[in-house]
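Dear colleague,

I am passing on the structure we spoke about, with some notes on its charged side chains. Please look it over before you read on.

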Amino acid sequence: MATTVAASSRRLERQFRNMFEKAAKADGITGEVLLQNLESRLDNVVFRMGIAPTRAAARQLVGHKHITVDGQVVNIPSFAVKPGMVIAVREKSKSLEVVEAALAGFNHSKYPWIEWDDQTKSGKFLHKPERADIPENIKEQLIVELYSKN
């Protein structure tokens, strides 16, 4: 069991380092670009749209093929959502208890980079969020300092 956890941890660390290196090469402030790229992941967009109650649940919905992007099923949680893409709950998955419970009473106007249509249970990713729009209290400069050392 411990070796499985260690291997999983190394894989996640490698994925995060790759995301950091991609952000470092991009135009803009590295920490902000990193956060924007993380916010643009499909599992996170599903969470932000209120389709799932947690990021882990969003990751599972994506992995179990309950989510479409521009009408096509995508089951890769790290899929990079681009501005203008429409993320939706598959027709046969709209009645899932976890989806209905998560959407009930969710404030969809909370995030200015997402547009939600309650009738179709779909949303449009309008643009990458500005740093000020990301509600988490993350000190991205510390992440940049840590990963810049290596």
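**Salt bridges in the model**

Glu91 is exposed, with a relative accessible area of 63%, and its side chain meets that of Lys94 in a salt bridge with an N to O distance of 3.1 Å. Lys94, by contrast, is buried, since its relative accessible area is 17%, which falls under the 20% cut-off for that class. Elsewhere, salt bridges with shared partners join Glu39, Arg48, Arg55 and Glu136 into one network. Please keep in mind that this is a predicted model, and that the count of salt bridges in it comes to eight.

Two further pairs may be of use to you. In one of them, Arg59 forms a salt bridge with Asp43, and the closest N and O atoms of the two are 3.6 Å apart. Arg59 is partly exposed at a relative accessible area of 37%, whereas Asp43 counts as buried, with a relative accessibility of 8%.

The other pair is Arg17 and Glu21, which form a salt bridge whose closest N and O atoms are 4.0 Å apart. Both residues lie in helix α1 (residues 2–25), and because they are four residues apart there, about one helical turn separates them. Glu21 has a relative accessibility of 36% and therefore counts as partly exposed.

Note on methods
Residues numbered from 1 in each chain as written. Predicted model: local features only at pLDDT ≥ 70, side-chain atom pairs only at ≥ 80, totals over all residues. Heavy atoms only, no water. Helix = DSSP H or I, 4+ residues; strand = E, 2+ residues; numbered from the N terminus. Buried < 20%, exposed > 50% of the residue type's maximum accessible area, 1.4 Å probe, protein only.
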